[in-house]
Amino acid sequence: MTPDSLLIGIGSALIGAAGLWNRDWLLTETPKGRFVVEMAGAGRARVMISLFFLFLMGAGILLAGGWLQPIRW
């Protein structure tokens, strides 16, 4: 595991956690959030954004833990 993947993994997990924490604000106060609510409905938009941020957190944790390897060119 490289220090870069550790840093990116922890950063991604923190961004995912912050997104989950501010989920309702993101859906009501940002133009893209309002667009998602308009297209999918309020309940489905909450589920979609929650799954997105949970996926981001999971990928960050896996990357920081060394279980997910980045693509090496």
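Modeller: A helix here is a DSSP run of H or I with at least four residues, and helices are numbered from the N terminus. The model is predicted.

Biologist: In which helix does Ser-50 lie?

Modeller: Look at the run that covers residues 42–65. Ser-50 lies in that helix, α4.

Biologist: Is Ser-50 buried or exposed?

Modeller: The cut-off for buried is under 20% relative accessible area. Ser-50 has 11% relative accessibility, so Ser-50 counts as buried.

Biologist: Which residue has a side chain joined to that of Ser-50 by a polar contact?

Modeller: Leave out residues up to four places away in sequence. Ser-50 then touches Leu-20 and Arg-23. A polar contact of 2.7 Å joins the side chain of Ser-50 to that of Arg-23.

Biologist: How does the reach of α4 compare with the expected value?

Modeller: α4 has 24 residues.

Biologist: What covers the buried residues of α4?

Modeller: Start with the buried residues themselves: Ala-45, Ile-49, Ser-50, Phe-53, Gly-60, Leu-63 and Ala-64. An α-helix has 3.6 residues a turn, so residues three or four places apart point the same way. The cover over the buried residues of α4 includes α1, α2 and α3.

Biologist: Which element gives the most to the lining of the largest pocket?

Modeller: The lining is made up of Leu-26, Leu-27, Thr-30, Lys-32, Gly-33, Val-36, Ala-45, Met-48, Ile-49, Phe-52 and Phe-53. With 5 residues, the one that gives the most is α4.

Biologist: How much space lies in the largest pocket?

Modeller: Rolling a probe the size of a water molecule over the atoms shows where empty space is left. The lining of the largest pocket has 8 nonpolar, 2 polar and 1 charged residues. The space in the largest pocket is about 150 Å³.

Biologist: How far apart in space are Leu-6 and Ala-64?

Modeller: Leu-6 lies in helix α1. At 36% relative accessibility, Leu-6 is partly exposed. Leu-6 touches Ala-64, and also Met-1, once residues up to four places away in sequence are set aside. Leu-6 and Ala-64 are 58 residues apart in sequence, but C-alpha to C-alpha they are apart by 4.3 Å.

Biologist: Which residues does Arg-34 contact, leaving aside neighbours within four places in sequence?

Modeller: Arg-34 has its place in helix α3. Arg-34 is partly exposed, with a relative accessible area of 42%. Beyond its neighbours within four places in sequence, Arg-34 is in contact with Leu-27, Thr-28 and Glu-29.

Biologist: And how far apart in space are Arg-34 and Ala-45?

Modeller: Ala-45 is one of the buried residues of α4. In sequence, Arg-34 and Ala-45 are 11 residues apart. In space, C-alpha to C-alpha, their separation is 9.3 Å.

Definitions and conventions
Residues are numbered from 1 along each chain as its sequence is written. This is a predicted model: local features need pLDDT of at least 70, side-chain atom pairs count only at pLDDT 80 or more; totals for chains, interfaces and linings use all residues. Side-chain values use heavy atoms; hydrogens and water are left out. On a 1 Å grid over the protein atoms alone, a cavity is a set of points where a 1.4 Å probe fits but cannot get out, and a pocket is an open set with protein on both sides within 12 Å along at least five of seven lines; lining residues have an atom within 4 Å of a point. Grid points are joined across faces, edges and corners, and a volume is the space filled by probe spheres set on the points. Helices (H or I, at least four residues) and strands (E, at least two) are DSSP runs, numbered from the N terminus. Ala, Val, Leu, Ile, Met, Phe, Trp, Tyr, Cys and Pro count as nonpolar, Asp, Glu, Lys and Arg as charged, and the others, Gly among them, as polar. Buried means under 20% relative accessible area, exposed over 50%, partly exposed in between (1.4 Å probe, protein chains only). A polar contact is a pair of N or O atoms within 3.5 Å; within protein, one must be able to donate a hydrogen and the other to accept it, and residues adjacent in sequence count only if both atoms are side-chain atoms. Contact means heavy atoms within 4.5 Å. The expected span of a helix is 1.5 Å times one less than its number of residues.
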